Every structure is written in C-alpha cells, then in structure tokens.
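Let us take a walk through this protein together, starting with the whole and then moving to a few side chains. Have a look at the model before reading on.

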Amino acid sequence: MGNNFVFYQDSDPKHTALNVHLWCLHNCQQNLKTPSQSPDLNPIEHICRELEVRVRKHDIKTKSKLKTVMMEEWMNIDAEITKQLVKSIPKCLKAIVDAKGYPTKY
C-alpha cells in the first residue's frame, strides 16, 4: 500500500477483531483509530444520516419496500452533498484539534 498510506478505522467490533488486528500489524505501518461512527472524521456518517432521514419519510411495511426505498433515496442524494462533505474535512480536522478531543459542532 505504500509508506504514505494511513489505514483509518474506528473501534467498531468488526474492525477490532483479532484477524483484522493481525492483518493491520503486518500490512499497515500507520493506523488512525477513532471512536465508532465518529462523524467528525467520517463523512460517510453524514451521508448515512441523510439517507436515514429520507427513508424514514416513507411508510415502509416490508423488507422489499425498504430495499427499494433505500436504493431510490440513495440514488437521489445529490453528488454536491458528498463534494461539500469532502471539502469540509480540513475544517473538521481543525475543529477536532482545537477541541483537544472534546466534541465539536460536527
């Protein structure tokens, strides 16, 4: 993966399993560990929240309806939203450093 690669993982149990830990020891020189589902450092959490809000607006009674609605709403999330989230990362990182580990507005 190269020397400039930093493996990012949160403390979700599937990321802390023994086989994952051993793989990281042998394959990743640098690891960045953060709290589970930390929206401060994980823009996908904001997108997942957006998807959840959109899906909850529907009256869903079956798994197939849930799947259909989730796929439709996922496709309706504008690419501009994801671009803005990625652009906000430097500002989030600064806020995290300034907060010295305490919660931020993100």
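A residue is called buried when its relative accessible area is under 20%, exposed when it is over 50%, and partly exposed in between, using a 1.4 Å probe and protein chains only. With that in hand, buried residues account for 20% of the 106 residues in the protein. What you see is a predicted model, in which local features need pLDDT of at least 70 and side-chain atom pairs count only at pLDDT 80 or more, while totals for chains, interfaces and linings use all residues. Residues are numbered from 1 along each chain as its sequence is written, and side-chain values use heavy atoms, leaving out hydrogens and water.

Now for the overall layout. The protein has six helices and two strands; here helices (H or I, at least four residues) and strands (E, at least two) are DSSP runs, numbered from the N terminus. Read from the N terminus on, the order of elements is β-α-α-β-α-α-α-α. Contacts, meaning heavy atoms within 4.5 Å, show how the chain comes back to itself: among those between residues at least 6 apart in sequence, 54% join residues at least 24 apart. The accessible surface, from the Shrake-Rupley method with a 1.4 Å probe and with only the protein chains shown counting as cover for residues, comes to about 8400 Å². Carbon and sulfur atoms hold 58% of that surface.

Let us go inside next. A nonpolar core is a set of buried Ala, Val, Leu, Ile, Met, Phe, Trp, Tyr and Cys residues joined through side-chain atoms within 4.5 Å. The largest one here has six residues, namely Ile 47, Leu 51, Val 55, Val 69, Ile 77 and Leu 85. Helix α3 gives the most to this core, with three residues. If you pick out Ile 77 and set aside residues up to four places away in sequence, you will find that Ile 77 touches Ile 47, Glu 50, Leu 51 and Arg 54.

Side chains of opposite charge can pair when their charged atoms come close. A salt bridge is counted when a side-chain nitrogen of Lys or Arg lies within 4 Å of a carboxyl oxygen of Asp or Glu, and by this rule there are six salt bridges. In one of them Arg 54 meets Glu 50, at 2.7 Å from N to O. Both lie in helix α3, four residues apart, about one turn of the helix. Glu 50 is partly exposed, at 28% relative accessible area, whereas Arg 54 is buried, at 19%.

Arg 54 also forms a salt bridge with Glu 73, where the closest N and O atoms are 3.8 Å apart. Arg 54 lies in helix α3 and Glu 73 in helix α4 (residues 63–76), so this pair ties together parts that are 19 residues apart in sequence. Both Arg 54 and Glu 73 are buried. Elsewhere, salt bridges that share partners join Arg 49, Glu 52 and Arg 56 into one network. Within it, Arg 49 pairs with Glu 52 at 3.8 Å between the closest N and O atoms, and these two residues sit three apart in helix α3 (residues 43–56).

Finally, which residues make a nonpolar surface patch of about 320 Å²? They are Leu 18, Leu 22 and Leu 25. Patches are made of residues with over 30% relative accessible area and no salt bridge, with like charges joined within 9 Å and nonpolar side chains (Val, Leu, Ile, Met, Phe, Trp, Tyr) within 5 Å. Leu 22, found in helix α2 (residues 18–27), counts as partly exposed at 39% relative accessibility.
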